[in-house]
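Here is a walk through the structure shown below. It starts with a contact between chains and then turns to one chain by itself.

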Amino acid sequence: MGQLLQQLINGLTIGSFYALIALGYTMVYGVLKLINFAHGDMFMLGAYLGLVTLMGFVVNLGMAGLPFLILIFLIVMAVVAGVGIVLERVAYRPLYRAGRLPPVISALGAAIFIQNGVMLLYGARYRTYPEEFKVIIPDTIWEIAGARISLIQIVMLVIAALLMVGLYSFVQYTRVGTAMRAVALDHDTARLMGIDVYGIIRVVFLIGPALGAAGGIMVGLYYGRIYFTLGWGYGIKAFTAAILGGIGNIPGAMIGGLILGVIEALATGFVSDAWKNAIAFFVLVLILIIRPTGLLGERVVEKL
Amino acid sequence: MALLEVRNLTKNFGGLTAVDRLDFEINEGEILGMIGPNGAGKTTVFNLISGIYPPDEGEIRLNGQSLLGLRPHSITEQGIGRTFQTIRLFRNLTVMENVMAGRHCRTRAGWLGAILQPKSQRLEEQSIREQAERHLQFMKLYEQRAELAKNLPYGDQRRLEIARALAIDPHLLILDEPAAGLNEQETNELMQSISQIRDSGITIFLIEHDMKVVMGISDRIIVLDNGKKIAEGAPAEVRDNPRVIEAYLGREE
Amino acid sequence: MDLIARWRKLDERYLYLALTILAVLFPWLVRSVRWTQVANFFFVYALLGLSLNIIVGYAGLFQLGHAAFYAVGAYTTAILSSRYNIPTFWLLPVAGLVSAVFAILISRPILHLRGDYLCIVTIGFGEIVRISLRNDASSLVFLSKIPGLQFLEEKLTGLVITGGPNGIFGINRPGILGFTFRQQWHYFYLFLAFVALTIFAMRRLENSRLGRAWTCVREDELAAEAMGIDTVRVKLLAFAIGAAWAGVAGNLYASWVTVIAPESFSFWESVIMFCIVVLGGTGSIPGVLVGTVGMIVLPEILREVLLNIQQWRMLIFGAAMISMMVFRPEGLWPSQRFRRELEAGD
């Protein structure tokens, strides 16, 4: 029983990482019908930049406390959002009318470029998040019903929840958010309604990568180790989560992420660690065969 | 026995009943026209017959054989050819290649035959070309056979769709608004072509809004409104039927 | 008129003739084991590219897991050769057949999926295959925990089929009538013959009833089905034939390197094959060959010439992929049709 609860807690934690990354995929796919293969690398960039800023603030400047954690998050998310905008401009915008195949190659090329750029800058071996960051979040652990939950996990779950609630409210209640939903349904009609479609797409490429970056920082803090191929593994699983929830559907991505995290944790705990990725892929294939619109239903551009 | 029998045909989309217990027959060698206001369910009937989606209730029989549950390509193989309301040609293929595509279900060469090219395959390819050319001549498109389908003028595209459907060697040809967008001369040529097709032994079922065409060439007409059949008979009868006039009154036509 | 279009005006046949002559004389002209080896890599990837071209180029199906079929062929050959000593030439049709059957089994349930979804599913399948190969049968021992399946524990513990992360070694080299292929230039002519055969067969497929059916399905699947083309069967055939060929390539590869491991069949390999097809020119045989040169031979040449930017190689690669698509999305040597499709912005 304790085992089960433990895996559930772990699962929800991992799940929130997946959810944050999945949101980026789902939003981009929703408005562009494009699988942003480079999105996993936004997440990875977040992890690395988080490391850099942490080193800067905590190690070199000796800052501590929760406010600085928030600051780190904000800085990294902003920078990665910037990268997202550049990515859109350089690798995707020229290809909006080019059919289905060229954007895939371009996205893969961007992913390769970013990954190897990071490798060149930071080395091919894994990097560790410095122990010092523990001054920001103390290493406290509680025991509940035979399972252990750490302060770090709670902090991350809270941050993730705040981000997701924030995004949901943004999409549901603001003008820009509504415009986003309109663009996700039909480009031409949205344009006729006076919506700057390209502008909305840029917003999506700001928010998506930023959320992914937040997930990246969390993975760095949680696991302590990061490497430049991080984007690939998490990316494909996050995409699975997005599809599970219904591609283009924002609440769907959140729920899909959490469910996938729990499935993975259960698989690791009760089945086999070596097969955990294969199980995730298997879930993906199964969903696509049985119910491709996902649990909550897809919301995508209707292309003729 | 009629060539095509439709009994109790019903199709719902969500809460909307597109086709409502429709009953009719098409007799061999006749031209049956189907008219009705927009949204009456006419194209849905075509889609049900060609197997694009299954009916919720009812029966469709071709020469006594049920078509229910068959995939569209099987239904085509049974001998039903069709055109589409919005033209659906293979746009980046040539006129010739489009019509050759229609011969697919009447020929058999597979991948092995393609690679080894035994005599039987080469003869078959030759016959495909010859048949395609014959149908192109018939629809007066032979001169344009090397043109890309998407570069054809609109009227020619409509004729190409018919040529492609004829290449299937159908018993029954269903035409979805073949005169849409055609000018007067093209319309007259179309009516002539349809007559000639019928004379060659093919039964025709067509949807049309152009009353001149429908009244001019149909042997019989059925009228749909809101998914139900509201009238059936010779053109003259249908034209004067008060229910038919009522269905069209007040609608933008 | 741009340079490439002018090249294309030359009758393709003369080009093939010239290339064939050059190819046949190649090992004699370039007496270097290293470059003959590079040429052999070119041939293997050309075969893979041509096989993927059937699925992606002709039938227009999104396939980013092609390495799985390659792996199935290679591992079938490796296992049967190293364990049961069956001559690798005999295993050629076996590898092709097993890959084809595998392809039919896994593609049947996913054929109806829309383009992007199909893409993701194929990535998923590719990874499942690779992970399975890496984990090997012994890792399935956890299944014995399921009630009723305890007997599996004894059977599966320590069971080695795929050799795990280290793969399989000791694959027999191909031999015919007493002669064993050993040197790089031996393999060169073997592979050259296969590629020539493949090109010959592909051209015939392209212009056949099946080839036309593929094109129709790619253009408008609904219309194709309505015109009497069994779209399910046609798509299955594309997968099966493409997979069979990849399986054959796997056999040749395995008997060439004699040691294979799961990491040679990763997603990255699938990406390379995909790029070969799309960057070279989707649906066009010369395009695939040009694409293979670009993806396989060019980096080797650059490696010799520009030693010091070795580490920037991948970076340049990624940038090149983006640029190619932005400036020439139809590929270097597109098939006539694909160019028309792109011109319309379809």
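**Where chains A and C meet**

The contact between chains A and C takes 39 residues from chain A and 39 residues from chain C. Two residues are in contact if their C-beta atoms, placed from the backbone, lie within 7 Å. On the side of chain A that touches chain C, the elements giving two or more residues are α3 (66-92), α4 (101-122), α9 (230-245) and α11 (276-290). Helices (H or I, at least four residues) and strands (E, at least two) are DSSP runs, numbered from the N terminus. The largest share comes from α4(A), with 13 residues. By class, this side of chain A has 29 nonpolar, seven polar and three charged residues. Ala, Val, Leu, Ile, Met, Phe, Trp, Tyr, Cys and Pro count as nonpolar, Asp, Glu, Lys and Arg as charged, and the others, Gly among them, as polar.

This is a predicted model: local features need pLDDT of at least 70, side-chain atom pairs count only at pLDDT 80 or more, and totals for chains, interfaces and linings use all residues. Residues are numbered from 1 along each chain as its sequence is written, while chains are lettered from A and ligands numbered from 1 in the order in which they are written.

Two pairs of chains are in contact, and chains A and C share the most contacts. Chain A and chain B do not touch; their nearest C-alpha atoms are 12 Å apart.

Now take chain B. Its secondary structure comes to 10 helices and 10 strands. The C-alpha atoms of chain B fill a box of roughly 60 × 40 × 35 Å, taken along the principal axes. Among contacts in chain B between residues at least 6 apart in sequence, 67% join residues at least 24 apart.
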